[in-house]
Amino acid sequence: MSNRPRTLIYVGVAAVLVAGALVPRFLSSRSRGPAAPTRSGPTAVRVQVVSVEPQTLTERLSTTGTVRANEDVELVVEIAGKVSGIHFREGSRVQAGQLLLEIDDTQLRAERDRAAHRVGLAERSEARQHRLLDDGLTSQEEYDFAQSELNVLRAELALAEARLIKTRIKAPFAGIIGLRDVSVGSYLTPQTRIATLQDVNPVKIDFSVPEKYVGYMGTGATIQFRTKGSEKPHTGTIVAVEPLVDLDTRSLTVRAQSPNPDGLLVPGAFADVEIVVRRIEGALAVPNRAVIPELGGKKVFVAEGGEAQPRSVETGLRTAELVEVTEGLQPNDRVIVTAIQRLRPGLAVVVEGDER
């Protein structure tokens, strides 16, 4: 017998043996049917909660403003003339009524003296006419003319004295005088600026607020503000409110006043202003992230009996971190603040901290 037939016999025997081993397993598998899928219960979601407690909720408004002097005037002369004397030092403090500058008054003094001399003559003439009238030696008309002439000359004298007074520039109020723009010998006109005078203690702070806050901007309210380049906070008190809303910006101008004894607040400085608009005592508030907007309202989820349960809520005042809940929650409710997107009614939850 050749080798080829023997090989075929061996392969056939091996195939029979393998088939014999696999057929019982196949039949056994068919008899048991398909394998049943494995089932497991839902996994509880770990969440964090906040307990709702009554608290004080404060609404603050941040805006910008400008520091202004309490009083501010640009010093000028009322009559033209040459500067004959300067009696202030730039940047110094001056008192109300202090002499600051003089204009050459030589001509005005001469005019005043001439007017005074003419008044003296007219007074003597009027006195003579009065005696003559009493003695019946002159008419009432002559006396009236003398008296009228006297009154005119007295008015001219008063005018000359008023002009003379205007050659002496005095401080209208106490304050700090700025840089001067004139020198001795300068010729001044009423349009010439001499210097500025500012009263900077206290200072004013002007700022704008949206028109919806009109009802909250009462006089006497306190503001906090800071100026650029200084981290020191300052306090001011609202003293006046502009009664007209700006039609372009729909805002309202408010003025506050702040003490400035050390002179750190400089007029013209930019100010960051913060105002306490209103304060609600005993408010129930939750973090902003816990409130979920939905069609027709808002809701939060509370942890109850190991499950997340929705509560429809009404909200009120909103701050940067909290929102007031006016309806829908009670004190000690545990509001869920994490895993918000995964929550659904009845979802099993585990509150962090409860498992310990």
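1. The side chains of Glu 59 and Arg 278 are joined by a polar contact of 2.7 Å. In this predicted model, the two residues also form a salt bridge, with their closest N and O atoms 2.7 Å apart. The link spans distant parts of the chain: Glu 59 belongs to strand β3 (residues 54-75) and Arg 278 to strand β14 (residues 270-287), 219 residues apart.

2. The two partners of this bridge may be described by their accessibility. Glu 59 has a relative accessibility of 11% and counts as buried, because the limit for that class is under 20%. Arg 278, at 31%, counts as partly exposed.

3. The surroundings of Glu 59 deserve a separate remark. Its side chain makes a polar contact of 3.5 Å with the side chain of Tyr 213. Leaving aside residues up to four places away in sequence, Glu 59 touches Tyr 213, Ile 275, Val 276, Val 277, Arg 278 and Leu 317.

4. For the protein as a whole, the secondary structure comes to 3 helices and 20 strands. Of the 356 residues, 31% are buried. The protein exposes about 22400 Å², and carbon and sulfur atoms supply 51% of that area. Among contacts between residues at least 6 apart in sequence, 73% join residues at least 24 apart.

5. How many salt bridges does a search of the whole structure find? The search finds 18.

6. Glu 102 and Arg 168 form a salt bridge in which the closest N and O atoms are 3.0 Å apart. This pair, too, links distant parts of the chain, with Glu 102 in strand β6 (residues 99-103) and Arg 168 in strand β7 (residues 168-170), 66 residues apart. Glu 102 is partly exposed, with a relative accessible area of 22%. Arg 168 is likewise partly exposed, with a value of 39%.

7. β6 and β7 run antiparallel and are joined by 3 bridges. Within this pairing, Leu 99 has Lys 170 of β7 as its bridge partner.

8. Both strands belong to an open sheet of 4 strands, in the order β7-β6-β4-β9 and with antiparallel pairing. Why is one side of β7 and of β9 (187-188) left without a neighbour in the sheet? These two strands stand at the edges and each has a single partner strand, so one side of each has no neighbour there.

9. A further salt bridge connects the side chains of Asp 262 and Lys 232, at 3.5 Å from N to O. Asp 262 lies in the loop between β13 (251-258) and β14, whereas Lys 232 lies in the loop between β11 (222-227) and β12 (234-241), so the pair ties together parts that are 30 residues apart in sequence. Asp 262 is partly exposed at 47% relative accessible area, and Lys 232 is partly exposed at 42%.

10. Salt bridges also link Arg 68, Asp 206 and Arg 255 in a network. Arg 68 stands opposite Lys 204 in β10. The pairing of β3 with strand β10 (residues 195-210) is antiparallel and extends over 10 bridges.

11. Strand β10 has other partners as well. With β13 it pairs in the antiparallel sense over 8 bridges, and Pro 210 stands opposite Ser 251 in β13. Strand β8 (residues 175-177) runs antiparallel to β10 and is joined to β10 by 2 bridges. In that case Ile 177 stands opposite Leu 197 in β10.

12. Among the helices, α3 (residues 140-165) has 26 residues. From its first C-alpha to its last, helix α3 reaches 38 Å, close to the 38 Å expected at 1.5 Å a residue.

13. Which residues of α3 are buried? They are Tyr 143, Ala 146, Leu 150, Leu 153, Leu 157, Ala 160 and Leu 164. An α-helix has 3.6 residues a turn, so residues three or four places apart point the same way. The buried residues of α3 pack against α2 (106-135) and β7.

Methods:
Residues are numbered from 1 along each chain as its sequence is written. This is a predicted model: local features need pLDDT of at least 70, side-chain atom pairs count only at pLDDT 80 or more; totals for chains, interfaces and linings use all residues. Side-chain values use heavy atoms; hydrogens and water are left out. A salt bridge is a side-chain nitrogen of Lys or Arg within 4 Å of a carboxyl oxygen of Asp or Glu. Buried means under 20% relative accessible area, exposed over 50%, partly exposed in between (1.4 Å probe, protein chains only). A polar contact is a pair of N or O atoms within 3.5 Å; within protein, one must be able to donate a hydrogen and the other to accept it, and residues adjacent in sequence count only if both atoms are side-chain atoms. Contact means heavy atoms within 4.5 Å. Accessible areas come from the Shrake-Rupley method with a 1.4 Å probe; for residues, only the protein chains shown count as cover. Two strands pair if DSSP finds at least two bridges between them. The expected span of a helix is 1.5 Å times one less than its number of residues.
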